[in-house]
Every structure is written in C-alpha cells, then in structure tokens.
Amino acid sequence: MTGCATTTKLMSFKKEGETPLQQVLKAQPEISREHQNTSIQQVFNRAESPTASKITVIQTGLMDDSVSAIKTEYLFKLNDETWQLQNKQQSYQCARGKKSKGFQTALCS
C-alpha cells in the first residue's frame, strides 16, 4: 500500500524486542491454528512514536455451548525501547442467560 506507514516505521523498539502484536500472537498461538472466528484490533495512543498499545482479541465460534465469545485485552507500554505487557484481562460473552448481551469477567455456566 502506498502512502501507509508500517507498524515498524511508527514504533521504535530494540531489534531483539517484539512488537505488542508479535507478543500476543506468541501468547495465543491457537489464533492462527484453530478454525474459529477471530478479530484482532490494535490501537496506539498516538500515530507517531507511540508509548502505549491496546490489543483486543475476540474469539467466536468456540466449541463451548455456554460461551459465545472470549475477549482478551492486552495493555502494553513502551519502556526503554521495549514493549512490555502491563495488563491482560479476559472476559466472556455467555451463550444463554440474562447476561448474554455483553462481556463479563465471571465464567459462564
């Protein structure tokens, strides 16, 4: 794509360091192997020289009849030119019941 900057050009990190997205894909290798629907969204705090990143992974089409989707949110911060994971939170969208509309941190029953 002409006119678009790549993630590497936007971020400054050590050569041996990994981008936030690389770290997420390493932490959740099933994303690329399993036959489920997966959405990955990466947002930086600013377009040039970002210092924070939030990655949201939503997995649907699971082999669990009580869970419609699993959302995992990763928060990264750039420290000394290395992206470090600050927080990881998982939430669930239940397939049935009163709380089936949104995501919740409690497991579905």
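Colleague: What percentage of the residues of the protein count as buried?

Modeller: Of its 109 residues, 28% do. Buried means a relative accessible area under 20%, exposed means over 50%, and partly exposed is in between, using a 1.4 Å probe and protein chains only. Bear in mind that this is a predicted model, where local features need pLDDT of at least 70 and side-chain atom pairs count only at pLDDT 80 or more, while totals for chains, interfaces and linings use all residues. Residues are numbered from 1 along each chain as its sequence is written, and side-chain values use heavy atoms, leaving out hydrogens and water.

Colleague: Why does Gln59 count as buried?

Modeller: Its relative accessibility is 5%, and the cut-off is under 20%, so Gln59 qualifies. Gln59 sits in strand E2, residues 52–60.

Colleague: What makes the pairing of the Gln59 and Gln28 side chains a polar contact?

Modeller: The distance is 3.3 Å. A polar contact needs N or O atoms within 3.5 Å, one able to donate a hydrogen and the other to accept it within protein, and residues adjacent in sequence count only if both atoms are side-chain atoms.

Colleague: Why is the aromatic pair of Phe44 and Trp83 called tilted?

Modeller: Rings of Phe, Tyr and Trp (its six-membered ring) pair if their centres lie within 6.5 Å; planes under 30 degrees apart are stacked, over 60 edge-to-face, and the rest tilted. Phe44 and Trp83 are 6.1 Å apart centre to centre with 50 degrees between the planes, so tilted it is. Phe44 lies in strand E1 and Trp83 in strand E4, so the pair ties together parts 39 residues apart in sequence.

Colleague: Is Phe44 buried, partly exposed or exposed, and what about Trp83?

Modeller: At 21% relative accessibility, Phe44 counts as partly exposed, whereas Trp83, at 3%, is buried.

Colleague: What makes the Tyr74 and Phe76 pair stacked?

Modeller: The planes of Tyr74 and Phe76 are 20 degrees apart and the centres 6.4 Å, so this pair passes both the distance and the stacking cut-offs. Both Tyr74 and Phe76 are buried.

Definitions and conventions. Helix = DSSP H or I, 4+ residues; strand = E, 2+ residues; numbered from the N terminus.
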